[in-house]
Amino acid sequence: MSADGQSDPSNSPSPASEAAQPTAATAARQLESTLRLSQARPATQGFVRRFQLRVLDGPDAGAVCHSSGDRVTIGTHESANLVLHDRTVSRLHCEISFSSERPFILDLGSLNGTLVDGTSILSGYLQGGAVLTVGETRLAFEFGEGDVPISLSAQHRFGSLAGQSVAMRAVFALLERASSSNATVLLEGETGTGKEAAAESIHRQSERRDAPFIVVDCGAIPPNLIESELFGHARGAFTGAVGARVGAFEAASGGTLFLDEVGELELELQPKLLRALERREIKRVGETKYLPTDARVIAATNQNLAARVNAGQFRSDLYYRLAVLEIRLPPLRERVQDLPLLLEHFLEALGAAQLPQAARLRSAEFQAALRRHTWPGNVRELRNYIERCLTMGEEAPRPALIETASTGSAGGLQPFRNARDAFEKGYLEQLLRWHEDNVTAAAKAAGLDRGTLYRMLWRHQLR
C-alpha cells in the first residue's frame, strides 16, 4: 500500500492471476481489518475504505460514483448505484464490495462480460488505478479520502443467530431494522448460513410475532404443485383436488411467509408472485376472484439472482420487488472468530453445556481443528459436527464412498459423468435407507438443505 492509500502494483497480484476468494485461514482476519473498529470510535460503527468510480468514456463520460457503503453495483437498471446508459451494459452488470481486506469485483452474469485492465474476469481483487471495461464503457477505480461508516449491532445475538464478529454484527444491524418494519426482505447466502433462522428471528422480533410463520421451500415442491401451495386451490381445480385448500399466503395472513430458495420458482409463476407482493391480493387455482392478503414476505436464495435476471431466468421486476431490504449472510469461513461463541451456542441448544463431553470440545486443540476446517456447509455443518462429536466421539462416522462398477470402456473406466451419476444415485439410495426414507433427516445427516436433496432425488427418479 503506497503512502497515498492506493495499492502498489508491484506488490499486488492482478485479478486475472489471483484466486477469487481468500483462504479460509486468512478470510476472517482480512474482513476484520476491512470492517475495522477503533477505540476512538463508537462500538456500534465499523468502517470500510471509501472508493469511487470515474467514467472515462462512453455515453456517461465524466460521471463519478462515490461509495456510500461496502458495496457498489454497476448496471443500466435504475436500482444500480452507478447507472449507465450504455446499451451493451447489462441491467446489473457487476458489483464491487469489501468482502475482504481489498475491494473485490464480481461479474453478475453480464451478457458482455467484465474486464479489469484488459483481462476478462468473473471475480477478483482490485487495486487503485485499475481500469474496468463493462460493455463499451471504461471506468477508473480509485480510492477516496477517509472511510465510510457501517452500522453495527451492539448485540452478539439476534434471535437464534449468534456472532460477535464485525461481519455478523453488521448483519444483525440490518436484521434489527427489518424486524421493526413490514418491508419485504431478500436473504442471500450460501447453503447452511442460517437464512431460515434469520427469517424466523425477524418474525419473532416483529409486531407480527403472535401470528403464523409459514415456510414454503420453493426448491422442494414439484413445479406443478407450487402454485397451489402458495395460493391454494378450489375443489376440482385439477385431478386430485377433492376439496378446497388454503394456500400459504392465506395461512400466513397477519404473519410472515418465508419463501426459501425463491430462485427456483418457474418463470410462469413469477408474475403471480409479483402481483401478490405489489397488489396484496392472490387468486386460488381454479377460481376467478382475488382475495386480499396481509402476509409479510421474506425470501431467501443461495443463488445469484442478479445473474439469473441477466440470463432471463428470473424476472427483474420480481427481483427488485423482493430486494426491498437485501441482506447477505456471510459464510462461516469469513467469520471463524465466531467459532467459540457458536460452539457454546450449540452446546446450550443441544442441552450439553454441562456434560463431561463438552470439556473436550472446549479444548484449545479441538477449537484449533475447527479453525482449520473450511466449513463448506457453513453453520449447519458445524452444528451437525458438534452433535456427532457429543454422541459418537470426535471421529464421527460419515457415509462411505460407494464403489461403482466399470463399464468396460477404454482404459477399464466408465466416462466421468456416468461414474459421477452412478455414485450420486447409489449414495442417495443408501442415505435414504439409513434414515428410513426420511428426507429431512437424510438431508441433515448429509449436510444438505432439503431443497438440494429433493432436486437430486428427482434427477435420479428416486422421488
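Modeller: Leu 187 stands opposite Ile 327 in strand E22. Strands here are DSSP E runs of at least two residues, helices are H or I runs of at least four, and both are numbered from the N terminus. This is a predicted model, so local features need pLDDT of at least 70 and side-chain atom pairs count only at pLDDT 80 or more, while totals for chains, interfaces and linings use all residues. Residues are numbered from 1 along each chain as its sequence is written, and side-chain values use heavy atoms, with hydrogens and water left out.

Biologist: In which sense do E14 and E22 pair, parallel or antiparallel?

Modeller: Parallel: strand E14 (residues 185–188) and E22 are joined over four bridges. Two strands count as paired if DSSP finds at least two bridges between them.

Biologist: And what's the strand order in that sheet?

Modeller: The order is E15-E18-E21-E14-E22, five strands in an open sheet with parallel pairing. Strand E15 (213–217) and strand E22 (325–328) are the edges, each pairing on one side only. From one strand to the next the twist averages 20°. Axes are lines fitted to C-alpha atoms, for helices over the stretch in contact, and angles run from 0 to 180 degrees between N-to-C directions.

Biologist: Which strands does H2 touch?

Modeller: Helix H2 (residues 166–179) packs on the sheet against E14, strand E21 (296–301) and E22, and its direction makes about 150° with that of E22. Helix H3 (residues 195–204) also packs on the sheet, touching E14, E15, strand E18 (256–260) and E21, at about 160° to the direction of E15. Touching, or contact, means heavy atoms within 4.5 Å.

Biologist: OK, cores. How many residues has the largest nonpolar core?

Modeller: It has 36 residues, and Val 216, Leu 230, Phe 249, Leu 259, Val 262 and Tyr 319 have the most contacts inside it. A nonpolar core is a set of buried Ala, Val, Leu, Ile, Met, Phe, Trp, Tyr and Cys residues joined through side-chain atoms within 4.5 Å. Buried means under 20% relative accessible area, exposed over 50%, and partly exposed in between, with a 1.4 Å probe and protein chains only.

Biologist: Which elements supply at least two residues each?

Modeller: Helix H4 (223–231), helix H5 (248–251), E18, helix H6 (270–279), E21, H7 and helix H8 (316–322) each do. Apart from that core lies another, of 28 residues, with Leu 53, Leu 84, Leu 126 and Ile 150 among them.

Biologist: What's Leu 259 in contact with?

Modeller: Leaving out neighbours within four places in sequence, Leu 259 contacts Val 216, Cys 218, Leu 230, Leu 273, Val 297, Ile 298, Ala 299 and Ala 300.

Biologist: Back to H4, which residues are buried there?

Modeller: Ile 226, Ser 228, Leu 230 and Phe 231 are buried in H4. Just after H4, Gly 232 takes a positive phi of about 85°.

Biologist: You mentioned H7. Why does Asn 310 count as buried?

Modeller: Because its relative accessibility is 8%. Asn 310 lies in helix H7 (residues 305–310). Residues it touches include Ser 90, Arg 91, Leu 92 and Leu 108.

Biologist: Switching topic: how many disulfides are there?

Modeller: The count is zero, where a disulfide would be a pair of cysteine sulfur atoms within 2.5 Å. Cys 65 counts as buried at 10% relative accessibility, and Cys 94 counts as buried at 0%.

Biologist: What about Leu 448, where is it found?

Modeller: Leu 448 sits in the loop between H14 and helix H15 (450–459). At 22% relative accessibility, Leu 448 counts as partly exposed.

Biologist: Last one: how many residues lie between E10 and E11 in the hairpin?

Modeller: Two, and Gly 135 in the turn has a positive phi of about 60°. E10 and strand E11 (residues 137–151) pair in the antiparallel sense over four bridges, with Val 134 opposite Thr 137 in E11. E10 (residues 131–134) is also joined to strand E7 (residues 114–116), antiparallel, by three bridges.
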